[in-house]
Amino acid sequence: MPLTLISGSANPRLAAAVSTAAGVPLAPVVVHRFPDGELHVALRDSVRGQDVYLLQPTSPPVETHAFELLLLADAARRAGAARVTGVIPYLGYARQDRRAGGREPVGARVMADILGGGLDRIVVVDLHMPALEGFFAIPIEHLTAVGALAERLGPTAHGVVVAPDLGAARLADRYARALDLPVAMVHKTRLGGSEVMTRGITGDVRGRAPLIVDDMISTGATIAAATDALIEAGALPEVTVVASHALLVQDAVARLAALPLRRLVVTDSVAFTEPRSLPLEVVPLAPLLAEVVNRLHRERTLHDLLVHG
């Protein structure tokens, strides 16, 4: 069964890098909008009987990129593809995994139902919560970029890995094991989409350089609040921030630039303009995604690349 690699419009640079690393050319695709704003996609080449991989993070604008992915999946299915896999480095709506109030949807479940209706399998990187896999009726290959990010960080003297909230605790444990560092956690309460409040720190951070880890940076409010709390608790004003997904929306760049950041290490899972005001280091995901595509196509194990627990 031949392998076909198709890119959506969300992150063409990453798709091109995956294509090069995998040694598989990107299939030509047409994506445009009709005058009324509706999306239209078309595959230029035949995919009949082929193993198709659609590369498309559902990054902002989430609805646009998710629906484009669904249209590409439907086009591949109707053109006779034998199997259609969505390679979705960043999964939108993953934070909406429960109802905070009584009259709200569970957005992550809605996203799971929609994607599950058009794809045979999904590849994701560092979900907001690993338990989200249970929302999907189709197989999920949950990869992690922790290994690549930790390798870029290298040895850290007098450091402490910090989870900026309870949701990042397991992620912090994985970094701590990889870097052989102690762990601390900031207790956070979210007051709104871009406003948070801290309520203390568990762990010893005094005299240590904080390494704040999270799955994503959205507005930067959580990172800013954690940094303030850590410095107030005696941590060194030499902060390193590591995240798999750099959304950097609203005033995130300005908020982060005001912090005593020594390093900001992220992957290229989503497309963004690299801000000159930040000490940014981008770790490419293409080697990991290309390896996964080739292994899945050859029906080989992914055990050493997946999130476990």
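Helices (H or I, at least four residues) and strands (E, at least two) are DSSP runs here, numbered from the N terminus. Most residues other than glycine have a negative phi, and most peptide bonds are trans.

A word on the source: this is a predicted model, where local features need pLDDT of at least 70, side-chain atom pairs count only at pLDDT 80 or more, and totals for chains, interfaces and linings use all residues. Residues are numbered from 1 along each chain as its sequence is written, and side-chain values use heavy atoms, with hydrogens and water left out.

Back to the backbone. Asp126, in the loop between strand 6 and strand 7 (140-143), has a positive phi near 45 degrees without being a glycine. Leu248 also has a positive phi, about 50 degrees, and belongs to the loop between strand 12 (239-246) and helix 7 (252-257). Are these two buried or exposed? Asp126 is buried at 3% relative accessibility, and Leu248 is buried at 14%. Buried means under 20% relative accessible area, exposed over 50%, and partly exposed in between (1.4 Å probe, protein chains only).

Another loop residue is Asp45, found between strand 3 (39-43) and strand 4. Asp45 is partly exposed, at 46% relative accessible area. Its C-alpha atom is 6.9 Å from that of Ala27, 18 residues away along the chain.

Now for the charges. Side chains of opposite charge can pair when their charged atoms come close. The structure holds twelve salt bridges, each a side-chain nitrogen of Lys or Arg within 4 Å of a carboxyl oxygen of Asp or Glu. Three of them are listed here.

| Salt bridge | N to O distance |
|---|---|
| Arg83 and Asp51 | 2.8 Å |
| Arg295 and Glu291 | 2.7 Å |
| Arg295 and Asp304 | 2.7 Å |

Salt bridges with shared partners join Asp51, Arg83 and Glu299 into one network.

Arg295 and Glu291 share helix 8, four residues apart, about one turn of the helix. Arg295 is buried at 11% relative accessible area, Glu291 is partly exposed at 31%, and Asp304 is exposed at 55%.

Asp304 turns up again at the second largest pocket, where 16 residues form the lining and Thr144, Val146, Gly147, Asp304 and Leu305 lie nearest the centre. On a 1 Å grid over the protein atoms alone, a pocket is an open set of points where a 1.4 Å probe fits, with protein on both sides within 12 Å along at least five of seven lines; lining residues have an atom within 4 Å of a point. The pocket holds about 320 Å³ of space, a volume being the space filled by probe spheres set on the points, which are joined across faces, edges and corners. Helix 4 (146-153) and helix 8 (286-297) each supply at least two lining residues, and helix 4 gives the most, with three.
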